[in-house]
Amino acid sequence: MPAVRVEDTLVLPRIETPDPTLLVPRPVLGRSSAPQGMEGEGFPVRRAFAGIATEYLDPFIHMDQMGEVHYGPGEPKGTSWHPHRGFETVTYMIDGTFQHQDSIGGGGVIKDGATQWMTAGSGILHIERPPEALVISGGLFHGFQLWVNLPSTKKMISPRYQDIEASQVTLLTSPDGGTLFRLIAGSLDGHDGPGITQTPITMVHATLSPGASATIPWNPTYNALVYGISGDGAVGVDDVELTTGHLAVLGEGDTITLRANERQDERHEAFDVLLLGGEPIGEPVAAYGPFVMNTRDELRQAFEDFQAGKLGTIPTDHI
Ligand code: MN
């Protein structure tokens, strides 16, 4: 797993364990297991939020774990050109490379711990796929695509995109150095991540060494979701078991507790989780295909605008 690695975590800033007599640990309200499906022209994904009520996800809409999959030569697949409106897509690549191009002149490569933050806003067209050389050679692909909702006041803002290189991610550790926290966006214990978000959220990829545990502060006004990327462990004050494809929805409180099993399987030397939280928007959600709006009328308008070419045009030098 070549997402950012650190040889000696003890040189990193530490997140102090919050005082348990003053703060309320968040309980686990429920745990789901993500069904597997196919995305775009055929890459395997886990639908991380399937079956979870919107009120628990708000401000998040959707998340796919892409892979982890080892492609043979000629097998890697991507998407065709498609539109978005009304939210942000966040693509985090743990292993492998994705190439991106959009209708506002953005484009680039996302790989090995990098994140691309695309604010669709009023409308954008884009394509996401592996580069030609990797299609020929095949290889390992593993990443996430998260959809973050925008409030009604921001749904029609101008589209933009940010490339967040792996080297820009804020790295933190637990008091004993047993856990590595990669803060991609938002803040954690007074530290800030590089991602500029329209909706206040925190996004962290944590790696716990076998047997490690950590309790971290979590903004009490945010929701809290913990997704099992790989390896085995547990989450919450109730120590609910978590593994690949599991999503834990946490209830109200001030802190999140994580624990890695002493024994991990041969393929994974640690317990990896994605921690997500954000300020709930609290508005109606009308979502269909690539559009996330507040009402059905706005969805209809999005389709009409797309058909009329108002969401952008495919660049002439397209990949
Ligand atoms: Mn897309």
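Colleague: Which residues form one aromatic cluster?
Modeller: Tyr71, Phe98 and Phe141 do, in this predicted model. Those residues turn up again at the largest cavity, where they are among the lining residues nearest its centre, along with Phe43 and Met66.

Colleague: OK, the largest cavity then. What volume does it have?
Modeller: About 70 Å³, and 13 residues line it.

Colleague: Which strand gives the most to that lining?
Modeller: Strand 4, with 4 residues. Strand 3 (43-47) and strand 11 (139-149) each supply at least two as well. By class, the lining has 9 nonpolar, 3 polar and 1 charged residues.

Colleague: How many cavities of 30 Å³ or more are there in the whole structure?
Modeller: The search finds 2.

Colleague: Switching topic: how many aromatic pairs does the structure hold?
Modeller: There are 6. Take Phe144 and Tyr227: the ring planes sit at 85°, so that pair is edge-to-face, with centres 5.6 Å apart. Phe144 is in strand 11 and Tyr227 in strand 19, 83 residues apart, so the pair links distant parts of the chain.

Colleague: Are those two buried or exposed?
Modeller: Both Phe144 and Tyr227 are buried. Another edge-to-face pair is Phe291 with Phe303, 4.9 Å centre to centre and 85° between the planes.

Colleague: And how does burial look for that pair, what are the relative accessible areas?
Modeller: Phe291 is buried at 0%, whereas Phe303 is partly exposed at 31%.

Note on methods
Residues numbered from 1 in each chain as written. Predicted model: local features only at pLDDT ≥ 70, side-chain atom pairs only at ≥ 80, totals over all residues. Heavy atoms only, no water. 1 Å grid on protein atoms, 1.4 Å probe; cavity = no way out; pocket = protein on both sides within 12 Å on 5 of 7 lines; lining within 4 Å. Points joined across faces, edges and corners; volume = space filled by probe spheres on them. Nonpolar A, V, L, I, M, F, W, Y, C, P; charged D, E, K, R; others polar. Phe/Tyr/Trp six-rings, centres within 6.5 Å; stacked < 30°, edge-to-face > 60°. Buried < 20%, exposed > 50% of the residue type's maximum accessible area, 1.4 Å probe, protein only.
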